Amino acid sequence: MQTPTVTFVTLGCKVNQTESEAVAQLFRQEGYRVVDSGEPADVVVVNTCTVTNTGDSKSRQVIRRMIKANPESFIVVMGCYAQTAPGEVLNIEGVDLVLGTQDRNRILEYIEIARAAQKPQNAVHHIWKARDFEELPLLEEETRTRATLKIEEGCNQFCTYCIIPYARGPVRSRRPENALAEARKLTEAGYKEIVLTGIHTGAYGQDLGSQWDLTGLVRELVHISGLERLRLSSIEPMEFTPRLIQAIEESGVVCRHLHIPLQSGSDAVLARMKRPYTLADYAELLQNLRAKLPGLAVTTDVIVGFPGESEEDHQEALDFVTGCEFAGMHVFPYSRREGTPAARYPGQLPNAVKQKRVREMLEVARQSQERYKCHFVGQVLDVLIETVDEAGTAFGHTGNYLEVSLPPSDAERTWEAGSLVWVNLKAEHLGLS
Ligand code: SF4
């Protein structure tokens, strides 16, 4: 019998990428061969996104394109868009199975059910009824440098611009024993760095009773033998409790890099976004963290052009963000998402205004990042080498997430992907002219 084949097309964020890879692993365990998306395959999986309205239409386009290119294949659509609009997806002729953002570990079972029934199946359930974290197979990359460890799914915060709680459901935390077991497997396989990820990672433990929270998990993880770096991904400002800050401070393993979403540098806008902090809270947090964690890199996300954002609000935001001295920023123009409260807010801004504000915010970001990098010229920092190109140039990151490139002629050492080396940083290593 011929080996069955499966192919994946993934839209959207890093979490989706990771989940597609994990689902691919399930297919491999059942004897499938995973092929590139241009090749014919018995099963085609489209993992969709719904973060913006554009995410929905792009997802529909990709589904139609894959059906057209693979008329004989079994077509599965999963992910956030499928979760929020299963009926729309099922109405696309040629779709055989719709899965949302849960039960992905039962994908092969659902394929059998749909094949036996000889009609398209909707396996999407009400996401707010989901109570448990869904375990998916362990991912291993060839280079074995940095691994992601997903510890949480879902979000209960309902910021007024965000569709994620509707697409991913409530907070579900991974059982600590499972998270720790996977972390041990990763370090045994040679990974030196683990990045904790989730949809709302700082909410870890909310659903596990009073026994576990992010701090408790971090305190256990840092003792895993062979783990050199533990990187916390995005943590909401109000979730930096004194206990968490102390745990970071006491451990040499937790990276001096924190991603703390600001979202707006205007108090009026923050209130309309229903973000539970003020600019003063945020500034105080930065001051506190920097006093305790010297050299700390703080990166952030900022949305500009939120409905009703006046020119004064925007100027206030530019000033506030300048004062924060971020080491890196992701800047997004506000994107109207049907189904969220902010989509119906008055004062929606024209694209031209949003684009102008994005450019101004990006310029602040560029200058802050350059200033941050300059502090480290002449300092000796640890670099985890992630790749080495054919010419022998090595690329990697420091613990505080400076992107570093090391030319082959830099030292009498051969760079090896996966090794942790100490480097006296020069301006050119950091891309500074
Ligand atoms: S905390 Fe993050 S995921 Fe949750 S609603 Fe707000 S922006 Fe969306």
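1. Asp132 lies in the loop that links β6 (121–122) to β7 (146–150). In this predicted model, the residue has 62% relative accessibility and therefore counts as exposed, the cut-off for that class being over 50%.

2. A separate point concerns the open sheet of 4 strands, whose order is β17-β16-β15-β18 and whose pairing is antiparallel. Its edges are formed by β17 (403–406) and β18 (420–424), each of which pairs on one side only. On average, neighbouring strands of the sheet are turned by 45° against each other when direction is ignored.

3. Strand β16 (residues 394–398) and β17 are connected by 4 bridges in the antiparallel sense. Here Ala394 stands opposite Leu406 of β17.

4. The next point is a helix pair. Two packed helices are described by the angle between their axes and the distance between the axes. For helix α11 (residues 279–292) and helix α12 (residues 311–324), the axes come within 11 Å and cross at roughly 10°. Because angles under 35 degrees count as roughly parallel, α11 is classed as roughly parallel to α12.

5. The contact between these helices can be listed by residue. From α11, Leu279, Tyr282, Ala283, Leu286 and Arg290 take part, and they meet Glu316, Phe320 and Cys324 of α12. By class, the residues of this contact comprise 6 nonpolar and 2 charged, with no polar ones.

6. Finally, the domain assignment divides the protein into domain 1 (5–125) and domain 2 (380–430). What distance separates the C-alpha centres of domain 1 and domain 2? These centres lie 39 Å apart.

Note on methods
Residues numbered from 1 in each chain as written. Predicted model: local features only at pLDDT ≥ 70, side-chain atom pairs only at ≥ 80, totals over all residues. Heavy atoms only, no water. Helix = DSSP H or I, 4+ residues; strand = E, 2+ residues; numbered from the N terminus. Buried < 20%, exposed > 50% of the residue type's maximum accessible area, 1.4 Å probe, protein only. Pairing = 2+ DSSP bridges. Axes fitted to C-alpha atoms, helices over the stretch in contact; angles between N-to-C directions. Parallel < 35°, antiparallel > 145°, perpendicular 65-115°, else oblique. Contact = heavy atoms within 4.5 Å. Nonpolar A, V, L, I, M, F, W, Y, C, P; charged D, E, K, R; others polar. Domains from an automatic or database assignment.
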